[in-house]
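Q: Please take a close look at the aromatic pairs in this structure. Which residues are involved, and how are their rings arranged?

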Amino acid sequence: MKTQRRIVLTGLAGLAVLGLSACSGPYMVSSEVASFGAWPEGRKPGSFYFERLPSQQGGGERADLQTQAEDSARAALLKAGFSESKDAKSADVLVSLGQRIRAQDYAPWDDPLWWRWHGNYNYWRYGAPGRHAYLYHPSDLMDRRYERSVAVLLRDRASSEPLYEARASNEGSVPGNSALLGAMFEAAMSDFPKVRTEPHRVSVQVMR
């Protein structure tokens, strides 16, 4: 029993090393993007300042998450032609950000092929059950996916009028880090100052 388990763990460790080696270098992040509003024709991007809700100010988890969102979105705004202002009073636009990562578990029977092939619980993922079937727990068969989304809202600082809104979303097998979220913010701002309300795919290369 211990010998068999050691072999399984060794094999998994080897796969993890191979996976890390295979993931080196740049990769592409694709997102569904849509934008809304009416950026004034002829208006330059100007300067921006990140606006925070009262709950996002000070310390605490919400403030930390907002700082993470701002760090991820800053490069996208600079690439779109904006410059960052030191305070809200001197900024041309105020920027509100949102980001959400939601875990979603999918079971094998969510796939319609599960019913067509009449496979048993272990067969669908691991093949016919044998003497090592006890190594797998039912929870191992669940596919955890993460739904990720970011949003950017630009408001005129003087009038508070909303000028431009952009959103990007995708999903994957990991929650994602600041580099991935940064790519999503870049995708969201990729059409600026144009508006494209219909969802469309935008891919951004990320350097590791």
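A: In this predicted model, a search of the whole structure finds six aromatic pairs; rings of Phe, Tyr and Trp (its six-membered ring) pair if their centres lie within 6.5 Å, and planes under 30 degrees apart count as stacked, over 60 as edge-to-face and the rest as tilted. One of them joins F48 and F50, edge-to-face, at 5.2 Å centre to centre with 70° between the planes. Both F48 and F50 are buried, where buried means under 20% relative accessible area, exposed over 50% and partly exposed in between (1.4 Å probe, protein chains only).

F48 also pairs with F82, again edge-to-face, with 6.4 Å between centres and 85° between the planes. Because F48 lies in strand 2 (residues 47-50) and F82 in the loop between helix 2 (61-79) and strand 3 (83-84), this pair ties together parts that are 34 residues apart in sequence. Helices (H or I, at least four residues) and strands (E, at least two) are DSSP runs, numbered from the N terminus. F82, like F48, is buried.

W39, F48, F50, F82, Y164 and F192 form one aromatic cluster. At W39, the charged end of R43 sits over the ring, 5.3 Å from its centre; the criterion is NZ of Lys or CZ of Arg within 6 Å of the ring centre and within 35 degrees of the ring normal.

For the chain as a whole, buried residues make up 30% of the 208 residues.

Residues are numbered from 1 along each chain as its sequence is written, and side-chain values use heavy atoms, with hydrogens and water left out. As the model is predicted, local features need pLDDT of at least 70 and side-chain atom pairs count only at pLDDT 80 or more, while totals for chains, interfaces and linings use all residues.
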